[in-house]
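Welcome! Let's walk through this protein together by way of a few questions and answers.

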Amino acid sequence: MKTLPEPVDEVVVKLLRLANTKLPGDIGWALEAAAGWETGEIASTQLGAIMENVKKAEHLGLPMCQDTGIPVFYVRGKFDSSIAAEISKGVERATRIIPLRPNTVDPLTRENFGFNLGQGMPIIHFIPTGDDFTEITVLPKGAGSENMTRLGMLNPADGVAGVKRFVLDSVLDAGGRPCPPSIVGVGIGGTSDRCVEMAKEALLSPLDSENPDPVLAKLEEELFVAINSSGLGPMGLGGSTTSLGVKVRKAACHTASLPVAVNIGCWATRRASARMTSDGVEYSQGVEL
């Protein structure tokens with residue numbers, strides 16, 4: 001969908017509306033496929049309720065989940081420092097008019113800042129490139145899934161088997177709290193902070209996109225099968241659909257390190273992107289950083 005050039009704050013409002021009220025197509029297709037292969041009665045009922053909720057949210061233009069999360073932004077291409085203030089303005093407007101639940105609080109006093117702002121908010125990752133566009137991507141992240149984030153500093157001798165074990169244990173320990181069927185983002189390598197970042201960035205990859213790294217593609221498939229063989233099921237109530245997809249990213253790391261991070265996205269792993277050029281703004285939900 002392409003529109004005429006717009007102010008950044010208006011683009012942010014439209015992005016947050018799109019992300020919160022319409023499930024990305026690849027996730028919707030994965031849910032429908034899961035409903036087709038799921039044989040458990042309770043699991044099938046849960047999947048049916050999820051898909052009905054998705055349809056109503058899009059039809060009514062209302063958020064598909066009461067926890068509209070904390071918006072995490074990725075800004076790529078060309079931009080200047082003023083874009084941060086414009087994104088903040090857009091978040092405040094979106095919170096008022098969509099509306100979004102004001103989720104940001106002081107971590108110690110628990111005072112609510114209102115409008116999803118406050119110290120350090122919104123979270124914006126800047127990725128400068130030589131491209132002739134500005135691309136803003138948003139990943140609204142609810143607490144139920146974000147609280148299940150795990151980082152493990154494994155022994156290099158643990159190898160691939162250790163990585164698999166850590167990911168599977170993380171998903172099973174999370175149980176039904178991140179509202180499965182989930183999308184499991186995995187980061188391997190880098191430093192501890194970069195590893196956690198990669199796990200979250202992995203949630204932006206469309207489920208129907210193929211990992212260009214054959215080793216990671218094989219790992220994704222093996223983890224997907226293992227997680228869905230666990231029997232955890234939708235909402236942790238049992239069944240063969242615990243995950244809709246597994247996405248893995250990696251970076252080089254120290255010879256004495258093997259960092260692994262898991263970031264889980266609930267069934268409503270919401271995302272949207274806008275690419276701004278002099279010709280206009282193009283919106284999509286098939287995001288890939």
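Q: In strand 8, which residue is the bridge partner of Ile183?
A: This is a predicted model, where local features need pLDDT of at least 70, side-chain atom pairs count only at pLDDT 80 or more, and totals for chains, interfaces and linings use all residues. Residues are numbered from 1 along each chain as its sequence is written, and side-chain values use heavy atoms, leaving out hydrogens and water. Strands are DSSP runs of E with at least two residues, helices are runs of H or I with at least four, and both are numbered from the N terminus. In strand 8, Ile183 has as its bridge partner Gly265.

Q: In what sense do strand 6 and strand 7 pair, and over how many bridges?
A: Two strands count as paired if DSSP finds at least two bridges between them. Strand 6 pairs with strand 8 in the antiparallel sense over six bridges. With strand 7, where Val248 is the bridge partner of Val186, strand 6 pairs in the parallel sense over eight bridges.

Q: In what order do the four strands of the open sheet stand?
A: Strand 5 and strand 8 (residues 258-265) pair in the antiparallel sense over five bridges, with Leu154 opposite Leu258. The pairing within the open sheet is mixed, and the strand order is 5-8-6-7.

Q: What is the average twist from one strand to the next in the open sheet of four strands?
A: The sheet in question is the one ordered 5-8-6-7. From one strand to the next, its twist averages 15°.

Q: Which strands does helix 8 touch as it packs on the sheet?
A: Helix 6 (residues 159-174) packs on the sheet, touching strand 5, strand 6 (182-189) and strand 8, and its direction makes about 30° with that of strand 8. For such angles, axes are lines fitted to C-alpha atoms, for helices over the stretch in contact, and the values run from 0 to 180 degrees between N-to-C directions. Helix 8 (residues 214-228) makes about 145° with the direction of strand 7, and the strands it touches are strand 6 and strand 7.

Q: How many residues of strand 4 are buried?
A: Buried means under 20% relative accessible area, exposed means over 50%, and partly exposed lies in between (1.4 Å probe, protein chains only). Thr134, Ile136, Val138 and Pro140 point one way from strand 4, while Glu135, Thr137, Leu139 and Lys141 point the other way. Strand 4 (residues 134-141) is mostly covered, and the number of buried residues is eight of eight.

Q: Which residue in strand 9 stands opposite Thr137?
A: Strand 4 pairs in the antiparallel sense with strand 2 (residues 70-77) over eight bridges, and there Tyr74 stands opposite Thr137. Strand 4 also pairs in the antiparallel sense with strand 9 (residues 272-277), over five bridges. In strand 9, the residue opposite Thr137 is Ser273.

Q: With which side chain does the side chain of Asn20 make a polar contact?
A: Asn20 sits in helix 1 (residues 8-21) and is buried, with a relative accessible area of 1%. Its side chain reaches the backbone oxygen of Leu16 at 2.9 Å. A polar contact is a pair of N or O atoms within 3.5 Å; within protein, one must be able to donate a hydrogen and the other to accept it, and residues adjacent in sequence count only if both atoms are side-chain atoms. At 3.3 Å, the side chain of Asn20 makes such a contact with the side chain of Arg270.

Q: At what distance does the side chain of Arg177 reach the backbone oxygen of Asp173?
A: Arg177 is in the loop between helix 6 and strand 6. A polar atom of its side chain lies 3.1 Å from the backbone oxygen of Ala174. The backbone oxygen of Asp173 is reached at 2.5 Å.

Q: What share of the 289 residues in the protein is buried?
A: The protein has eight helices and ten strands. Its C-alpha atoms fill a box of roughly 50 × 50 × 45 Å, taken along the principal axes. Among the 289 residues, the buried share is 48%.

Technical notes: Contact = heavy atoms within 4.5 Å.
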